[in-house]
Amino acid sequence: MEELYCQGCGAPIQTEDESKVGYAPKSALTRDEIVCKRCFRLKHYNEVQDVDMTADDFLDMLHEIGQRDAFVLKVVDLFDVHGSFIQGLNRFAGNNPVVLVGNKVDLLPKSINFNKVKNWMRRVAKNFGLKVQEVYLVSATTGTNMKELAFELERIREGKDIFVVGSTNVGKSTLINYFIQNSTEEKDVITTSYFPGTTLGFIDIPLDDRSSMIDTPGIINHYQMSHFLSKKDLKTVTPKKEVKPKVFQLNEGQALFIGGLARFDIEQADHNIGYVCYFSNDLNIHRTKLEKADELYENHLGELLSPPSEETLKKWPKMTKETFKINGQQKTDLVFSGLGWITIPEGPVTVTAYVPKGVRVIKREAII
Ligand code: GDP
């Protein structure tokens, strides 16, 4: 069969996988103008949808962006900044200015110090080798700080195109849709236009006569918990509103189960400490004794300790563990990538984190 390309974004058309670039239903192939579903929705409903890309495509994308004189808007999920931070972006950042947007600020407790979080994000970016021009904390769903972001972008982009990049689930589509809805009084003015020479599935959304916002496919981060969960479990695990911190007073020899998805052991501690858990309000946390923890997991995974529910359990990996020594007075977070985190208010303590094999646990300075 002759290879067909989407006339909106240039991606090769495929009819197999809806979550990937270039998907079109078979019925669309008989039309005169063939566009992928994502371009179709943008054209007719003024709305972008998320699609994924592979690591190889990602490298091509970096190359492509690096060759343009453009502006990069990098979106991360504030609930999992490290896990949703795309590595490798720094390779072209030297030439193109990057603005870092922390989305989903509505999930963090209202009491957070915005400046502290922003400064911390700058340091994270720096550690990833990425120089950022500015950091914004927004919520694409509630609209918090979105007007300010739009206003600032208009000012600093100096007429350049804006490439919006991010890993899947950070809220990139929601954010772009916010811009689309708020920039066009008249609906139906959005068109997509083919990017000559690329088959990567960039979608072009005109901002004015000369420049565009460009939606790029999301990169899958395999080390986030979300990657292992069924749709149903993902719903339970993904916080929908402000997360209510839960404090557990724990001694040496006690453990917490986060549903059955992760486990947190206090191996050594010379006194009782309040550990603060930041997870979706719908997730149950179980306290138990260390000596009973293995048995509890073996006999009650998927029941008392759930999620994981049945669908997720079909492909549930073995747990792996990692031990962390926390010294001194500094407040520390242990982040279970894509799930949430536990704040350890002080050392010295030795704790062990268990997660399904492949999911990352990150130690960071406390952000709250
Ligand atoms: P994409 O994969 O990066 O395009 O992400 P989506 O825009 O599809 O959003 C992924 C999930 O995050 C969806 O369930 C959204 O409703 C949710 N989401 C997006 N933005 C926000 C936000 O600002 N706050 C909250 N709480 N959820 C958000």
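The questions and answers below concern a predicted model of a protein.

Q: What makes the protein as compact as a globular protein of its length?
A: The secondary structure comes to ten helices and 18 strands. The radius of gyration is 22 Å, close to the 21 Å that the globule rule gives for 368 residues, so the protein is as compact as a globular protein of that length. Along its principal axes, the C-alpha trace spans about 70 × 45 × 35 Å.

Q: What share of the residues of the protein count as buried, and by what cut-off is a residue called buried?
A: A residue is called buried if 20 or more other C-beta atoms lie within 10 Å of its own, and 40% of the 368 residues count as buried.

Q: Why is helix α9 said to lie largely in the open?
A: Helix α9 covers residues 290-300, and of these eleven residues the number buried is zero, so the helix lies largely in the open. After α9 comes G302, with a positive phi near 90°.

Q: Which residues of helix α1 are buried, and what covers them?
A: In helix α1, residues 37-45, the buried residues are R38, C39, F40 and L42. The cover over the buried residues of α1 includes β6 (203-206). Following α1 is N46, whose phi is positive, near 50°.

Q: Which residues count as the closest to the ligand, and which helix gives the largest share of the shell?
A: The ligand is surrounded by 18 residues, of which D50, G171, K172, S173 and T174 are the closest. Helix α7, residues 172-183, gives the largest share of this shell, with three residues. Sorted by class, the shell around the ligand has three nonpolar, ten polar and five charged residues.

Q: How many residues does each domain give to the contact between domain 1 and domain 2?
A: The domain assignment gives domain 1 as 26-219 and domain 2 as 227-365, and the C-alpha centres of the two lie 31 Å apart. Two residues are in contact if their C-beta atoms lie within 7 Å, and the contact takes eight residues from domain 1 and ten residues from domain 2. On the side of domain 1 that touches domain 2 there are three nonpolar, two polar and three charged residues.

Q: What share of the contacts in the protein, among those between residues at least 6 apart in sequence, join residues at least 24 apart?
A: Among those contacts, 74% join residues at least 24 apart.

Key:
Residues numbered from 1 in each chain as written. Predicted model: local features only at pLDDT ≥ 70, side-chain atom pairs only at ≥ 80, totals over all residues. Helix = DSSP H or I, 4+ residues; strand = E, 2+ residues; numbered from the N terminus. Rg over C-alpha atoms; globule rule 2.2 N^0.38 Å. Buried ≥ 20, exposed ≤ 12 C-beta atoms within 10 Å, placed from the backbone. Near = placed C-beta within 6 Å. Nonpolar A, V, L, I, M, F, W, Y, C, P; charged D, E, K, R; others polar. Domains from an automatic or database assignment.
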